[in-house]
Amino acid sequence: MIHKAFILGAGLGTRLRPLTDVLPKPLVPVFHEPMANYALRHCQSAGITQFAINTHHIPEAWHEAYPDGHFNGSPLHFFHEEVLLETGGGIRNIATFIGNDPLLVYNGDILTDIDIGALIAAHEASANIATLALRSTGENRNVNISGNHVSDMRNILGNTPGTHQFTGIYCIEPEIIRMLPDEKVVSIVPAFIELIQQGKLGAVVLDDGDWFDIGNPDAYRAVHDHLRKKRRDAIHPGAHIHPDAAVNTETCIIGPGATVECGARLDNTIVWPGVTVAKHNTHHGDILTSG
């Protein structure tokens with residue numbers, strides 16, 4: 001059984017600036033809590049009990065977000081990267097955490113509820129060295145499949161056009177580390193291509209459920225609009241709103257511990273947890289961060 005996961009958290013989050021000027025991308029709040037919490041809970045729901053997380057940009061923020069090094073009882077093992085190692089280098093960097101165990105790898109900048117239990121089950125039932133979770137829709141369909149296996153990606157082997165989008169979630173066996181090029185900074189893609197040629201890169205299409213790549217501020221706001229339709233706590237009960245403030249509760253999202261002072265006016269605005277909106281300030285269409 002796969003019980004370990006690697007959350008990819010080391011990226012710079014350049015496309016999501018200025019939100020990532022103050023936090024690593026996976027720690028940017030989404031509907032009141034760090035984006036990473038959703039990934040961690042999702043993995044736990046599929047039986048994951050131990051996590052490795054790589055860090056780079058503002059690494060101290062991870063320890064502030066999870067001061068006891070745990071999430072819902074599961075230990076979090078942080079692996080800092082002085083230089084970004086890319087995914088292949090990141091996997092090699094956590095070799096001591098992997099040991100001889102299979103691993104679920106999960107991009108830290110996506111929000112999804114796809115059935116990763118089905119991914120894990122399919123991988124465990126196969127002889128694959130890696131198995132990718134894919135979607136048959138999406139803007140970046142650059143993966144080809146043949147039956148239950150990947151036959152090309154990024155048109156590297158010339159099997160154009162791509163038909164499926166990679167979700168950023170996959171299972172690997174520990175021997176994939178030996179297939180990585182002997183470089184410190186290295187992509188996982190060359191190993192994937194070698195596995196395609198060996199017929200050992202599996203594919204599971206998971207079209208049911210939500211899947212969001214929170215890549216830029218527009219996508220960030222779109223996720224909040226989506227979640228608002230499912231939830232009733234857009235204005236968190238732990239937020240403090242002065243009775244003389246004017247807050248459009250149909251369009252605003254205000255996090256726990258946030259304070260909206262007297263005379264402030266908010267419409268279509270996201271207020272991060274703990275942020276204070278000063279009295280008589282007016283915001284429309286803004287994202288108010290902790291920076």
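Leaving aside its neighbours within four places in sequence, which residues is histidine 57 in contact with? Contact here means heavy atoms within 4.5 Å, and by that criterion histidine 57 is in contact with Ala10, Gly11, Leu12, Thr20, Leu23 and Pro24. The structure is a predicted model, in which local features need pLDDT of at least 70 and side-chain atom pairs count only at pLDDT 80 or more, while totals for chains, interfaces and linings use all residues. Residues are numbered from 1 along each chain as its sequence is written, and side-chain values use heavy atoms, with hydrogens and water left out.

Histidine 57 itself lies in the loop between β4 (50-55) and α2 (60-65); helices (H or I, at least four residues) and strands (E, at least two) are DSSP runs, numbered from the N terminus. Histidine 57 counts as buried because its relative accessibility is 19%, where buried means under 20% relative accessible area, exposed over 50%, and partly exposed in between (1.4 Å probe, protein chains only). Its side chain reaches the backbone oxygen of threonine 20 at 2.7 Å.

Some places in the backbone deserve a separate look. Most residues other than glycine have a negative phi, and most peptide bonds are trans.

Just after α6, glycine 199 takes a positive phi of about 70°.

Another buried position is valine 260, in strand β18 (residues 259-260), which has a relative accessibility of 1% and so counts as buried. Not counting residues up to four places away in sequence, valine 260 touches His240, Ile241, His242, Ala245, Val247, Ile254, Leu266 and Val277. One of these, alanine 245, is 15 residues from valine 260 along the chain, and the C-alpha atoms of the two are separated by 6.8 Å.

Seen as a whole, the protein chain has 7 helices and 23 strands. Its radius of gyration, taken over C-alpha atoms, is 20 Å, close to the 19 Å that the globule rule (2.2 Å times the number of residues to the power 0.38) gives for 291 residues, so the chain is as compact as a globular protein of that length. The C-alpha atoms fill a box of roughly 65 × 40 × 30 Å, taken along the principal axes. Buried residues make up 49% of the 291 residues, and of the contacts with a separation of 6 or more, 62% are between residues 24 or more positions apart.

How values were computed:
Polar contact = N/O pair within 3.5 Å; in protein donor to acceptor, adjacent residues only side chain to side chain.
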